[in-house]
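Here is a short report on one protein chain. Look at the sequence and the fold, then read on.

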Amino acid sequence: MSKLNTRNVCRYIYLLNAKIDHLVEFRTKYGALSREQLYIIEMVAEEPGITQKTLIGRLKREQTSISRAVQKLVDQNYLIKRQHHDDMRASYLEVTAQSVETLDELEEKICEVTDDVLEKLDRDEKKALTDILEKIHL
């Protein structure tokens with residue numbers, strides 16, 4: 001891929017991210033959640049016992065940023081944080097009943113945002129995009 005095409009890919013990824021930020025406002029009966037907070041809750045729900053270190057690696061964010069986000073979610077009763085009994089630096093995370101309820105409540109909104117972003121793609125294009133994004137992410 002030429003430098004020009006690579007630059008366009010980066011530009012379009014940035015613009016897609018900006019579009020999603022513009023569309024998204026996750027309001028629940030417990031208050032508003034940012035996209036990052038929602039992603040953290042979803043990751044913990046999908047993998048109970050995940051560590052903060054793993055979240056840092058997957059989200060490609062600074063440790064302090066993730067630590068603050070996790071602590072805020074703990075304070076808001078979305079996550080439970082448990083320290084490893086042998087390594088006090090390791091924290092294991094689990095979702096609360098409030099998180100499960102919130103994810104159920106937001107499911108339709110999340111699907112609406114995704115549908116809005118992908119509305120111009122047909123089924124095969126959506127499948128190809130999903131495959132590409134999974135390949136890039138992992």
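## An exposed tyrosine

Tyr12 is exposed, at 59% relative accessible area. Here buried means under 20% relative accessible area, exposed means over 50%, and partly exposed lies in between (1.4 Å probe, protein chains only). Tyr12 sits in helix α1, residues 3–23. Together with Tyr14 and Leu15, Tyr12 makes a nonpolar surface patch of about 390 Å². Patches are made of residues with over 30% relative accessible area and no salt bridge; like charges are joined within 9 Å, and nonpolar side chains (Val, Leu, Ile, Met, Phe, Trp, Tyr) within 5 Å.

## About the model

This model is predicted: local features need pLDDT of at least 70, side-chain atom pairs count only at pLDDT 80 or more, and totals for chains, interfaces and linings use all residues. Residues are numbered from 1 along each chain as its sequence is written, and side-chain values use heavy atoms, leaving out hydrogens and water.

## The whole chain

The chain holds six helices and four strands. Helices (H or I, at least four residues) and strands (E, at least two) are DSSP runs, numbered from the N terminus. Their order from the N terminus is α-β-β-α-α-α-β-β-α-α. The C-alpha trace spans about 50 × 35 × 25 Å along its principal axes. Of the 138 residues, 28% are buried.

## A buried leucine

Is Leu103 buried or exposed? Leu103 is buried, with a relative accessible area of 16%. This residue belongs to helix α5, residues 97–118. Not counting residues up to four places away in sequence, Leu103 touches Leu38, Ile41, Glu42 and Ala45. A contact means heavy atoms within 4.5 Å. Leu103 and Glu42 are 61 residues apart in sequence, yet their C-alpha atoms are 7.6 Å apart in space.

## Salt bridges

Side chains of opposite charge can pair when their charged atoms come close. A search of the whole structure finds five salt bridges. Each is a side-chain nitrogen of Lys or Arg within 4 Å of a carboxyl oxygen of Asp or Glu.

One of them joins Arg61 and Glu36, at 2.1 Å from N to O. This pair links distant parts of the chain: Arg61 is in the loop between α3 (52–59) and α4 (63–75), and Glu36 is in helix α2 (residues 35–46), 25 residues apart. Arg61 is partly exposed at 38% relative accessibility, and Glu36 is partly exposed at 21%. Another salt bridge joins Lys127 and Asp131, with the closest N and O atoms 2.9 Å apart. Lys127 and Asp131 are four residues apart in helix α6 (residues 123–137), so about one helical turn separates them.

Note on methods
Accessible areas come from the Shrake-Rupley method with a 1.4 Å probe; for residues, only the protein chains shown count as cover.
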